[in-house]
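Take the model from its overall build down to single residues. The cut-offs come along as they are needed.

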Amino acid sequence: MLDVQLLRNQLDDVIHRLQQRHFKFDVDRFTTLEQERKQVQMRTQELQSQRNSLSKEIGQAKAQRQEAEHLMQQATAINEELAEASQKLAVIQKELEELLLGIPNLPHASVPVGESADYNVEVRRIGTPRVFDFTPKDHVDLGEGLALMDFNRASLLSGARFSVLKGSLARLHRALTQFMLDIHTTEHGYQEAYVPYLVSANTLRGTGQLPKFEADLFKVPREDAEPLYLIPTAEVPLTNFVQDTIVDEQALPIRLTAHTPCFRSEAGSYGRDVRGLIRQHQFDKVELVQIAHPEKSYDALEELTSHAETILQRLELPYRVMLLCTGDMGAGATKTYDLEVWLPGQNAYREISSCSNCEGYQARRMQARFRSQKNKPELVHTLNGSGVAVGRALVAILENHQNEDGSINIPKALQPYMGGMSVLTASK
């Protein structure tokens, strides 16, 4: 959520930067609410001043044994008007908050301006796509050819956009999560966490999924309590570890990681990537979250991105790093790097990790702060990124490390997690 003082004091600049994100800010509504707020607050101050004066007059009248009934009636009327003003102000403040909750974050000055992914900028490219001496298959043909991937069974169980993995392919999926967690906890300094997969609306509001993106969530109604939601990413519970908290400055940065399933309804994405594992209602991800000092958050973004890159490098996968433009970033981000892995089956680079700095946008919603050396609570900066998406990493391994007979070479980094197995074949 943006600082309302920015809107009050730098409205033209905020409007300009939001236009770069192709977001139309409702200036008239904001201006009207602000005028009403000022009027109510000014009237409240006037009434409070009158009440204070009356209180003194009433006290003096009683001390001198003079009639004070008319003064007390005036005080009662003022109190009633103050109560009405308080209620009116609460309504205005709630409307202002709802307006603020719908506004995306402001892009960092280094972010390229553009309306779509066509304006993203390639920062670097690591590894060279393999040149095959046969026609490479996509991951669906490979997985089904090994009899270890079953979309028909998944469809019978749950419908479209679900998958079933079996045997050594399921083990490879598990091996990927263990490998990623080991790297991030032992080499990159993240603390592993096991988190709830169901969270409250307030938790989702803290990281920005609500109210704007409710259609993308799976909601779980409950008869005797508020509904819960299946998490779309472990970013949600991990970042909320600092909700309503003032952390010690010396504790920053806080680095957290978790492996969880992620659940997304994919509202509005009908027809996109319907084949295979790329866009599923349920998928696994190892998430990275950092809670950083505001002065160091952009260094933290570079660091977090490099941590995700390490996974792709160890898995011997060619990829590129893209700096997203203003029109392609997530709503909560000020700056985002996407890691795109090469997929021979699609002859294209596809996103496998998205690493973002949200500055104080989420922290303001969560009231997540640290106590500075001036002994003053200040908002932390929050960062998150995939380290990386497990299903897409599995896709990339199948397609990049495939053999002409349909078998898959297992990257050396994963072989210890596979009991020494070096090739994936059609076996139980």
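Buried here means under 20% relative accessible area, exposed means over 50%, and partly exposed lies in between, with a 1.4 Å probe and protein chains only. This is a predicted model, in which local features need pLDDT of at least 70, side-chain atom pairs count only at pLDDT 80 or more, and totals for chains, interfaces and linings use all residues. Residues are numbered from 1 along each chain as its sequence is written, and side-chain values use heavy atoms, with hydrogens and water left out.

Start with the whole chain. Of its 428 residues, 49% count as buried. The C-alpha trace spans about 105 × 50 × 40 Å along its principal axes. The chain has 12 helices and 16 strands. These are DSSP runs, numbered from the N terminus: helices are H or I with at least four residues, strands are E with at least two. Contact means heavy atoms within 4.5 Å. Among contacts between residues at least 6 apart in sequence, 72% join residues at least 24 apart.

Next, the cores. A nonpolar core is a set of buried Ala, Val, Leu, Ile, Met, Phe, Trp, Tyr and Cys residues joined through side-chain atoms within 4.5 Å. In soluble globular proteins, nonpolar side chains tend to be buried together. The largest core here has 51 residues, and Leu172, Leu176, Met180 and Leu424 touch the most other members. Helix α7 gives the most to this core, with 8 residues. Leu172 shows the reach across the sequence: leaving out residues up to four places away, Leu172 touches Leu394, Ile397, Ile410, Leu414, Met418 and Leu424.

A pair of aromatic rings is described by the distance of the centres and the angle of the planes. Rings of Phe, Tyr and Trp (its six-membered ring) pair if their centres lie within 6.5 Å; planes under 30 degrees apart count as stacked, over 60 as edge-to-face and the rest as tilted. The count comes to 5 aromatic pairs. One of them is Phe179 with Tyr417, edge-to-face, at 6.2 Å centre to centre and 75 degrees between the planes. Phe179 sits in α7 (residues 167-186), and Tyr417 in the loop between β15 (408-409) and β16 (423-424), 238 residues apart. Phe179 is buried at 3% relative accessible area, whereas Tyr417 is partly exposed at 23%.

Now the cysteines. How many disulfides does the structure hold? It holds 0, a disulfide being a pair of cysteine sulfur atoms within 2.5 Å. Cys355 is in no disulfide either, with the sulfur of Cys358 the nearest at 11 Å. Cys325 is buried at 0% relative accessibility, and Cys355 is buried with a relative accessible area of 0%.

Move to helix α10 (residues 297-314). Its expected span is 1.5 Å times one less than its number of residues. For its 18 residues that should be 26 Å, and the end C-alpha atoms are 26 Å apart, which agrees. Buried residues in α10 include Leu301, Leu304, Thr305, Ala308 and Leu312. An α-helix has 3.6 residues a turn, so residues three or four places apart point the same way.

Glu316 follows α10, in the loop between α10 and β9 (319-323). Glu316 is partly exposed, at 43%. Most residues other than glycine have a negative phi, and most peptide bonds are trans. Glu316 has a positive phi, near 60 degrees. Ala147 also has a positive phi near 60 degrees, in the loop between α5 (139-145) and α6 (151-158).

Cis peptide bonds come next. One joins Leu210 and Pro211, with omega about 5 degrees. Pro211 lies in the loop between α8 (201-207) and β4 (219-222). A cis bond also joins Leu252 and Pro253, with omega about 0 degrees. Pro253 is in the loop between β6 (245-248) and β7.

End at Ser265, in the loop between β7 (254-263) and β8 (282-292). Ser265 is buried, at 18%. A polar atom of its side chain lies 2.6 Å from the backbone oxygen of Ala215. Beyond residues up to four places away in sequence, Ser265 touches Ala215, Asp216, Leu217, Phe218 and His281.

Definitions and conventions: A polar contact is a pair of N or O atoms within 3.5 Å; within protein, one must be able to donate a hydrogen and the other to accept it, and residues adjacent in sequence count only if both atoms are side-chain atoms.
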